[in-house]
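Please keep the sequence and the structure in view while reading.

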Amino acid sequence: MLCNVNIWAVIVSAVVAMIIGALWYSKVLFGSTWMALTGWTGVLSTEEKKSIWKSYLIQFIGTIVMIFILARLLFLSGTQGVMYSMIMAFWLWLGFTATFALGAVLWEKKPLKLAAINTGSTLVSLLVAAIILAVW
């Protein structure tokens with residue numbers, strides 16, 4: 001236990017969140033639409049191929065931080081049970097992730113559909129993490 005947070009539950013949740021992200025942005029789900037909205041072709045340069053592991057590592061660390069904060073807030077608020085943990089995760093997503101993404105739509109003129117795809121992945125990851133944290 002680190003700060004009353006089960007670090008193994010956080011790590012497992014982060015791995016699951018990375019899997020959710022991989023599926024979310026695959027062509028099976030939203031990958032094709034995401035690529036069209038961002039203009040990315042999916043072709044990586046030799047240099048990008050060599051360093052892509054760094055991007056995955058940094059993303060994984062960021063995901064661990066996000067889920068650790070969720071776990072810590074669940075503990076500090078005394079939230080217990082799967083449903084209440086998911087409700088807390090939803091409100092945190094709405095209050096921070098969704099509202100922050102709104103800025104990209106308003107000021108960067110990014111399509112709302114792109115923001116929905118990007119924030120949707122985070123929402124699903126937080127909800128699944130809340131389940132894992134609650135039952136672990």
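Leaving out neighbours within four places in sequence, Leu 114 makes contact with Trp 34, Leu 37 and Thr 38. The model is a predicted one, and in it Leu 114 belongs to helix H5, where its relative accessible area of 7% falls below the 20% cut-off for burial, so that Leu 114 counts as buried.

- Leu 114 lies 13 residues from Ala 101 in sequence, and the C-alpha atoms of Leu 114 and Ala 101 are 9.5 Å apart in space.
- Thr 119 is likewise placed in helix H5, which covers residues 112-135, and Thr 119 is buried as well, with a relative accessible area of 10%.
- Once residues up to four places away in sequence are set aside, Thr 119 touches Trp 93, Thr 97, Ala 98 and Ala 101; of these, Trp 93, Ala 98 and Ala 101 are listed among the buried residues of H4.

**Helix H4**

- Helix H4 takes in residues 82-107, a run of 26 residues, and spans 36 Å from its first C-alpha to its last, which is close to the 38 Å expected at 1.5 Å a residue.
- Just after the end of H4, Lys 109 adopts a positive phi of about 60 degrees.

**How H4 packs against H5**

- The axes of H4 and H5 are 9 Å apart, and the two helices pack at an angle of about 155 degrees.
- Because angles over 145 degrees count as roughly antiparallel, H4 and H5 are roughly antiparallel to each other, and their crossing is right-handed.
- On the H4 side, the residues that meet H5 are Val 82, Ser 85, Met 86, Ala 89, Phe 90, Trp 93, Thr 97, Ala 98, Ala 101 and Val 105.
- On the H5 side, the residues that meet H4 include Leu 112, Ala 115, Thr 119, Thr 122, Leu 123, Leu 126 and Leu 127, together with Ala 130 and Ile 131.

**How H1 packs against H3**

- Helix H1, made up of residues 7-24, packs against H3 at an angle of about 130 degrees, with 9 Å between the axes, and H1 is therefore oblique to H3.
- H1 passes H3 in a right-handed crossing, and the contact draws on Ile 7, Val 10, Ser 13, Ala 14, Val 15, Ala 17 and Met 18 of H1.
- From H3, the residues that make this contact with H1 are Tyr 56, Gln 59, Phe 60, Thr 63, Ile 64, Ile 67, Phe 68 and Ala 71.

**The chain as a whole**

- The protein contains five helices and zero strands, and its elements run α-α-α-α-α from the N terminus on.
- Taken along the principal axes, the C-alpha atoms fill a box of roughly 45 × 35 × 25 Å.
- Of the 136 residues of the protein, 29% count as buried.
- Among contacts with a separation of 6 or more, 76% are accounted for by residues 24 or more positions apart.

Key
Residues numbered from 1 in each chain as written. Predicted model: local features only at pLDDT ≥ 70, side-chain atom pairs only at ≥ 80, totals over all residues. Heavy atoms only, no water. Helix = DSSP H or I, 4+ residues; strand = E, 2+ residues; numbered from the N terminus. Buried < 20%, exposed > 50% of the residue type's maximum accessible area, 1.4 Å probe, protein only. Contact = heavy atoms within 4.5 Å. Expected span 1.5 Å × (residues − 1). Axes fitted to C-alpha atoms, helices over the stretch in contact; angles between N-to-C directions. Parallel < 35°, antiparallel > 145°, perpendicular 65-115°, else oblique. Left-handed = near helix turned anticlockwise from the far one by under 90°.
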